Amino acid sequence: PEVRARIGFAVTHAQDAYEHMLKANEQTRKQNGKLMYDIQSNLAYHLAARQEKSDYQLAHCNAKDVYDSRQKYPERKNDYTEVYWWVKIRYASLDQLRHKKEFDHAVNEIKKLLSDIEIDDDWKDSVRKKYETLYPADFL
């Protein structure tokens, strides 16, 4: 229950930031491009952590936007890529029988990230720990 409350709190604040971003004028959004993508990334991440089916479309759309922008912000490329596959894994895991192929594909993409020798080991260790805890059968 406490974890769900924390996730709910994070979702509420991520949604507030997202709505604020949507109200900003075009010039402000362009000047703060990376921040805008970080807001979308946070929202997608927390919605997927909450794992409510009704959130899927918003989580997926935002994750896809940041995934598509990853080349613009090389310093955030790994985070944006991981968030995209995190959303895929979390929602596919709600019904692995129906979405097994999508789940397995997302797991393989995360494993590729975790085996990339160009990516910082501390970052990979942190991400690996999350997936090993939540999906030990697939990541241990």
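Ring pairs join Tyr45, Trp86, Tyr131 and Phe139 into a cluster. Here, rings of Phe, Tyr and Trp (its six-membered ring) pair if their centres lie within 6.5 Å; planes under 30 degrees apart count as stacked, over 60 as edge-to-face and the rest as tilted. Before going on, please keep in mind that this is a predicted model: local features need pLDDT of at least 70 and side-chain atom pairs count only at pLDDT 80 or more, while totals for chains, interfaces and linings use all residues. Residues are numbered from 1 along each chain as its sequence is written, and side-chain values use heavy atoms, with hydrogens and water left out.

## The overall fold

Let us step back to the whole chain. It has eight helices and zero strands, where helices (H or I, at least four residues) and strands (E, at least two) are DSSP runs numbered from the N terminus. The radius of gyration is 15 Å, close to the 14 Å that the globule rule gives for 140 residues, so the chain is as compact as a globular protein of that length. That radius is taken over C-alpha atoms, and the globule rule is 2.2 Å times the number of residues to the power 0.38. Along the principal axes, the C-alpha atoms fill a box of roughly 45 × 35 × 30 Å.

Of the 140 residues, 42% count as buried, meaning under 20% relative accessible area, with exposed over 50% and partly exposed in between (1.4 Å probe, protein chains only). Among contacts (heavy atoms within 4.5 Å) with a separation of 6 or more, 63% come from residues 24 or more positions apart. The mean positions of the 24 positive and 24 negative charges are 4 Å apart. For that count, Lys and Arg are positive and Asp and Glu negative, while His and the chain ends are not counted; each charge is placed at NZ of Lys, CZ of Arg, CG of Asp or CD of Glu.

## Aromatic pairs

The ring rule gives 10 aromatic pairs. Two of them are set out here.

| Pair | Centre to centre | Angle between planes | Class |
|---|---|---|---|
| Tyr67 and Trp85 | 6.2 Å | 80° | edge-to-face |
| Phe103 and Tyr135 | 5.7 Å | 65° | edge-to-face |

The pair of Tyr67 in helix α4 (residues 56-68) and Trp85 in helix α5 links distant parts of the chain, 18 residues apart. Both Tyr67 and Trp85 are buried. Phe103 in helix α6 (residues 96-115) and Tyr135 in the loop between α7 (121-134) and α8 (136-139) also link distant parts of the chain, 32 residues apart. Phe103 is buried, and so is Tyr135.

## Two residues of helix α5

Ala92 belongs to helix α5 (residues 77-92) and is buried, with a relative accessible area of 3%. Beyond its neighbours within four places in sequence, Ala92 is in contact with His99, Glu102 and Phe103. The C-alpha atoms of Ala92 and Asp104, which are 12 residues apart along the chain, are separated by 9.0 Å.

Lys88 is found in helix α5 too. This lysine counts as buried, at 12% relative accessibility. Leaving aside neighbours within four places in sequence, Lys88 is in contact with Tyr56, His60, Glu102 and Ala106.

## A backbone detail

Gln51 lies in the loop between α3 (33-50) and α4. Its phi is near 65°, a positive value in a residue other than glycine.
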